[in-house]
Structures are given as C-alpha cells and as structure tokens.
Protein chains: 2
Amino acid sequence: MDVSVKGEYALRAVFDLAGRGGSDPVKIAEIAARQRIPQKFLELILSQLKQGGFLGSRRGAEGGYFLARPPRNITVGDVLRHIDGPISPGRKQQRGNLPPDSPFPEFWQEVGRALSSVIDKTTFADLVGRWKEKNARRVANWEI
Amino acid sequence: MDVSVKGEYALRAVFDLAGRGGSDPVKIAEIAARQRIPQKFLELILSQLKQGGFLGSRRGAEGGYFLARPPRNITVGDVLRHIDGPISPGRKQQRGNLPPDSPFPEFWQEVGRALSSVIDKTTFADLVGRWKEKNARRVANWEI
DNA sequence: GACAATCTCTAGTAAACTGATAGAGATTGT
DNA sequence: ACAATCTCTATCAGTTTACTAGAGATTGTC
C-alpha cells in the first residue's frame with residue numbers, strides 16, 4: 001500500500017503550479033528543477049495531467065504549463081487517481097475467488113472512507129495555504 | 001495505492017484461523033480450499049506469518065497451523081505490515097530529492113493517521129464478530 | 001522566414017516486483 | 001515403516017516502475 005513515485009511527482013508538479021499562482025505558463029524545466037524531478041519523466045506526467053483536464057499548456061518560446069482550474073477545485077485524490085489508478089484497497093474481491101460470507105469487503109470500504117476523508121478533502125489551495133503559513137513562521141522566527 | 005494479493009491472502013488466512021477458534025492445528029489444504037487460495041502460494045505466506053510471530057505450527061500427520069496469540073491481539077495492520085511492508089504513503093521523502101519546504105510530509109502523515117485509525121484498530125476478533133453477526137442475520141432472515 | 005525555445009508523441013529498456021509453481025527435505029502420528 | 005504434513009530453496013513468466021532517447025509540431029522573436 002503505497003503511492004508511486006510518479007504519483008508523488010504529479011502532486012509536486014500540480015502543487016508547484018498552484019504555488020506559482022499566476023496564469024502564465026511555467027516551463028517544464030523550471031518545475032523539474034524546483035521540484036527535483038527528472039525532466040523527461042516529468043514531461044510524460046504533465047502531458048498525462050493535461051489529458052486529465054488538470055492542466056493546460058502552450059508550446060513554443062514562452063510556452064509552458066498552467067492549471068486548467070483553480071487550486072481549490074483540485075483535490076489530491078483527483079490527481080492521484082488519475083495518475084495511479086483507483087485508490088481502493090481490496091478491489092479484487094468482486095471476482096469469484098472470495099468465499100461468499102467474508103467480512104473483508106466491508107472492511108475495505110471502511111478503509112476507503114478513511115482514506116477518502118483526507119485525500120478527497122485536501123485541495124491544492126489547502127496545501128499552498130499551509131505551505132505559505134509555514135514559510136511565514138519560518139521567516140518570522142528568523143527575524144527575531 | 002493498493003494491497004497486494006499476497007496481503008489479502010494473509011488476512012484471509014489469519015481470519016480463517018481466528019474463525020475456527022479452536023487451538024488445534026488446521027491444515028494448509030483446508031485453509032486453501034475454504035479461502036480459495038492457491039495452496040503452494042499459501043504455504044509461503046503461512047510460513048512468513050509464522051516468522052512474524054502470528055502463527056504456530058505442527059508438522060506431520062494431524063499437523064497444521066494455529067494462531068500464536070488471541071485474535072483480539074492481532075490487528076489487520078500488524079499482518080499487512082508484516083507481509084506487504086510499511087503502509088506509509090509518501091515514505092520516499094526523507095531522501096534528498098525533495099525541496100526543503102514541501103507540505104507533503106505533513107500531508108502524508110495525515111493520510112497515515114487516517115489509515116491507521118482503521119487498520120490498527122481492527123482486530124481479527126472484530127472481524128470474526130462482525131462476520132458471525134452477519135451470518136446470524138442471514139440465517140434469521142431465511143427462517144422467516 | 002529563419003531560428004531557437006518549448007511542448008508532444010512514440011519507443012525502448014533495465015531492474016524490480018508479483019503471483020505463482022516445482023520438488024526435495026524434515027517431522028510427526030499411527 | 002509409512003503416510004501425512006509442514007519447510008525450504010529455486011525458478012519463472014508476466015507486469016510494472018522509473019526512466020531515457022529522439023524525432024516532430026508550435027510558437028515567439030529578430
């Protein structure tokens with residue numbers, strides 16, 4: 001039970017764009033550098049995020065990627081599910097290989113709900129908010 | 001983010017032993033049949049669960065596996081972590097490839113807590129309890 | 001309109017992981 | 001002795017993961 005590196009990269013990329021706020025395109029190379037992601041790999045991921053409707057892009061000089069919708073309308077769960085596939089532990093149960101009176105389908109539902117209560121409630125606006133707050137505190141402490 | 005088939009098999013096996021209650025050994029073949037698990041694969045899993053201190057065993061005729069501790073002292077999380085490794089999304093962050101001011105470590109901690117609130121609180125005694133209740137209801141409805 | 005900067009698309013790929021299977025021991029009960 | 005079990009080591013095909021390579025398509029600028 002784990003999140004793929006690809007999934008994490010996707011989250012960091014969307015977070016980067018959300019943190020940059022502005023609506024003008026950000027170059028892949030910049031995101032790659034800031035977020036420490038192999039650029040060629042990131043290209044694939046960003047393209048996939050665009051297919052998913054999360055990002056828009058512009059080619060050519062001064063091109064780049066940008067968010068297709070406001071950060072508060074994108075949840076971590078949205079992105080993760082689009083990149084990593086369904087986040088549902090225990091999904092293999094529907095097939096006929098499970099005894100008919102198993103308690104596990106219910107159990108996995110419970111797990112799913114717990115998971116969802118975090119990843120589907122946290123938007124990128126939330127993440128950026130927390131991050132700015134933390135940075136503000138850090139600077140404040142510095143200045144004392 | 002998913003649970004391996006091996007992990008699910010392990011849970012079903014422990015559940016099977018917990019449901020059988022008694023302290024005399026249950027044969028691998030029986031568990032395999034009841035829980036629809038390939039027997040040879042199950043052998044590996046049970047052996048691993050024994051290494052983990054969850055099960056005991058006896059060889060030879062009338063041999064088999066049995067729980068090494070009471071079902072209420074074994075949680076789903078215990079078993080899952082022993083078979084599938086750490087259940088901590090976002091664990092790869094400690095390495096130097098993450099920007100220093102990322103909000104994700106905290107976020108993954110939150111996810112971890114939510115997950116833990118289910119898998120580390122649910123014991124096999126709980127699962128057996130629910131299962132018996134459901135079966136009782138089913139029979140009751142039948143008799144109407 | 002040349003040209004450089006970007007995104008885009010298709011392949012390929014080494015290494016690890018998954019979900020098994022095979023078969024020869026080691027023990028135990030009868 | 002012998003059959004029934006667990007135990008241990010090896011092997012394996014298929015898939016996934018995390019990348020890399022390289023050629024093409026667009027766009028802005030001079």
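How do the axes of helix α2 and helix α3 of chain B cross, and at roughly what angle?

**Entry 1: ground rules.** I note that this is a predicted model, in which local features need pLDDT of at least 70 and side-chain atom pairs count only at pLDDT 80 or more, while totals for chains, interfaces and linings use all residues. Residues are numbered from 1 along each chain as its sequence is written, and chains are lettered from A and ligands numbered from 1 in the order in which they are written.

**Entry 2: two helices of chain B.** I looked up α2(B), residues 28-35, and α3(B), residues 39-51: their axes come within 9 Å and cross at roughly 115°. Helices (H or I, at least four residues) and strands (E, at least two) are DSSP runs, numbered from the N terminus. Axes are lines fitted to C-alpha atoms, for helices over the stretch in contact, and angles run from 0 to 180 degrees between N-to-C directions. I then listed the residues that meet: B:Ile28, B:Ala29, B:Ile31 and B:Ala32 on α2(B), with B:Gln39, B:Leu42, B:Glu43 and B:Leu46 on α3(B). Contact here requires C-beta atoms, placed from the backbone, within 7 Å. By class, this contact has six nonpolar, one polar and one charged residues. Nonpolar covers Ala, Val, Leu, Ile, Met, Phe, Trp, Tyr, Cys and Pro; charged covers Asp, Glu, Lys and Arg; the others, Gly among them, are polar.

**Entry 3: the two copies.** I found that chain A can be laid on chain B with an RMSD of 0.1 Å, by a turn of 180° and a shift of 0.0 Å along the axis. The two copies are thus related as by a two-fold rotation axis. The superposition is by least squares on the C-alpha atoms of residues with pLDDT of at least 70 in both. In chain A, A:Met1 comes closest to the axis, its C-alpha at 2.4 Å.

Entry 4: I traced β1(A), residues 55-58, which runs antiparallel to β2(A) and is joined to it by four bridges. Strands pair if DSSP finds at least two bridges between them. A:Gly56 stands opposite A:Phe66. Five residues lie between the strands of this hairpin, and A:Gly60 in the turn has a positive phi of about 75°.

Key. Contact = placed C-beta atoms within 7 Å.
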